[in-house]
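The sequence and structure come next.

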Amino acid sequence: VIQVSTQGAVRILTLNRPTALNAFTAAMLASTREALAEAAADSSVRAVVITGAGHAFSAGQDLGDPLVKPDPSPGAAPKDIGHLLDSYYIPLALQLRAMPVPTIAAVNGVAAGAGANFALGCDLVVAGESASFIQAFSKIGLIPDCGGTWLLPRLVGRAKAMQLALLGDKVKAAEAVSIGLIARCVPDADLMSEAMAIAQKLAAMPSRALAETRRLIDQAMDQDFEDALRVEAMMQSQLGFAHDYSEGVQAFMDKRSPQFKDR
Ligand code: LHQ
């Protein structure tokens, strides 16, 4: 259900249940976690691209999965869907955010519900022009999960976040760029080559500094200015002792390409 391949220093994970629009089952969520853990543990991997097989990125949770599908028979016990979040979605979202290398979502089609928020949780989102993003949750009586309530107002501000979350409207890729939901929209045919070009560029950069940049930017949203300045100074001091800083400066002085290796 997850196809894993490697091109140079870039690990590519493909959500691979195309006949079900790559909707997440528990097995698929577990495989995604495994594939991310393998990428994180492999020091030759310096960027991760996540995409979907077929015409969709992911339709979110598979609503036909017996774990979540309500039993319509009278007196049947309601499903504890919170358990699925605790056991699968929360660990996955945290793992994505803690990756030691940059993550790029290459969104090739519809990304709905948890599928949308999984993509938006990546560091950079590139979408093909026919791709779309749907906060589908409200239509089935739920709230945006997989980080949606945290991500949306930070990405697009409260007014747009409320519009997307309450109405569950489809946002096409070009509009998603214009409201700041994602970074880039490219012609469908160029999606993978564009995503790979970004990933290869990031793979040649200092991974540890990039991962700490993600962490500090996320953290700064809840800090005052002075706290952010102090955290920056503390992190800069740590990075200053690391290999990649000496290598970066030396390479600049020598007018050559740096060889970064920290993670
Ligand atoms: C699907 C799905 C799907 C199963 C399309 N499941 N079959 C966390 C914890 C616990 C519980 C619940 O949820 C969560 C997090 C979540 O992700 S909640 C949100 C779940 N996702 C949705 O509500 C999205 C539902 N899908 C749609 O709104 C549409 O299918 C989209 C907009 C994704 C695509 O629309 P179309 O391109 O028009 O395709 P379609 O609707 O015709 O779907 C194609 C087939 O895929 C169809 O089956 P069929 O047998 O008729 O061909 C759909 O039933 C099936 N499918 N999404 N999530």
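## The β1–β2 hairpin

How many residues lie between β1 and β2 in the hairpin, and which residue in the turn has a positive phi? Two residues separate the strands, and G8 in the turn has a positive phi of about 60°. The model is a predicted one, and this applies to every value below.

Strand β1 covers residues 2-7 and pairs with β2 in the antiparallel sense, over six bridges. Within this pairing, T6 stands opposite R11 of β2.

Strand β2 runs over residues 10-15, and six of its six residues are buried.

I12 is found opposite V49 in β3.

## Two non-glycine residues with positive phi

N22 lies in the loop between β2 and α1 (26-41). Its phi is positive, about 55°, although N22 is not a glycine. N22 counts as buried because it has 29 C-beta neighbours inside 10 Å, against a cut-off of 20 or more.

C146 is likewise not a glycine, and has a positive phi of about 60°. C146 belongs to the loop between β8 (132-134) and α4 (148-167). With 27 C-beta neighbours inside 10 Å, C146 counts as buried.

## The shell around the ligand

The ligand is surrounded by 24 residues, and the closest are A59, G60, Q61, G113 and A114. By class, the shell holds 18 nonpolar residues, four polar and two charged.

Which elements each supply at least two residues of this shell? They are α2 (81-97) and β6 (110-112). Of the contributors, α2 gives the most, with four residues.

## Overall fold and dimensions

The chain has nine helices and ten strands. Its radius of gyration is 19 Å, close to the 18 Å that the globule rule gives for 263 residues, so the chain is as compact as a globular protein of that length. Along the principal axes, the C-alpha trace spans about 75 × 40 × 35 Å.

Buried residues make up 38% of the 263 residues. Among contacts with a separation of 6 or more, 70% are between residues 24 or more positions apart.

## Domains

The chain is divided into domain 1 (2-203) and domain 2 (207-254). Their centres, taken over C-alpha atoms, are separated by 27 Å. The contact takes eight residues from domain 1 and five residues from domain 2. On the side of domain 1 that touches domain 2, the residues divide into five nonpolar, no polar and three charged.

R214 is found in helix α7 (residues 207-220). Is R214 buried, exposed or partly exposed? R214 is partly exposed, because it has 15 other C-beta atoms within 10 Å, and the class lies between the cut-offs of 12 or fewer for exposed and 20 or more for buried. R214 and V68 are 146 residues apart in sequence and 33 Å apart in space, C-alpha to C-alpha.

Terms used: Residues numbered from 1 in each chain as written. Predicted model: local features only at pLDDT ≥ 70, side-chain atom pairs only at ≥ 80, totals over all residues. Near = placed C-beta within 6 Å. Nonpolar A, V, L, I, M, F, W, Y, C, P; charged D, E, K, R; others polar. Rg over C-alpha atoms; globule rule 2.2 N^0.38 Å. Contact = placed C-beta atoms within 7 Å. Domains from an automatic or database assignment. Pairing = 2+ DSSP bridges.
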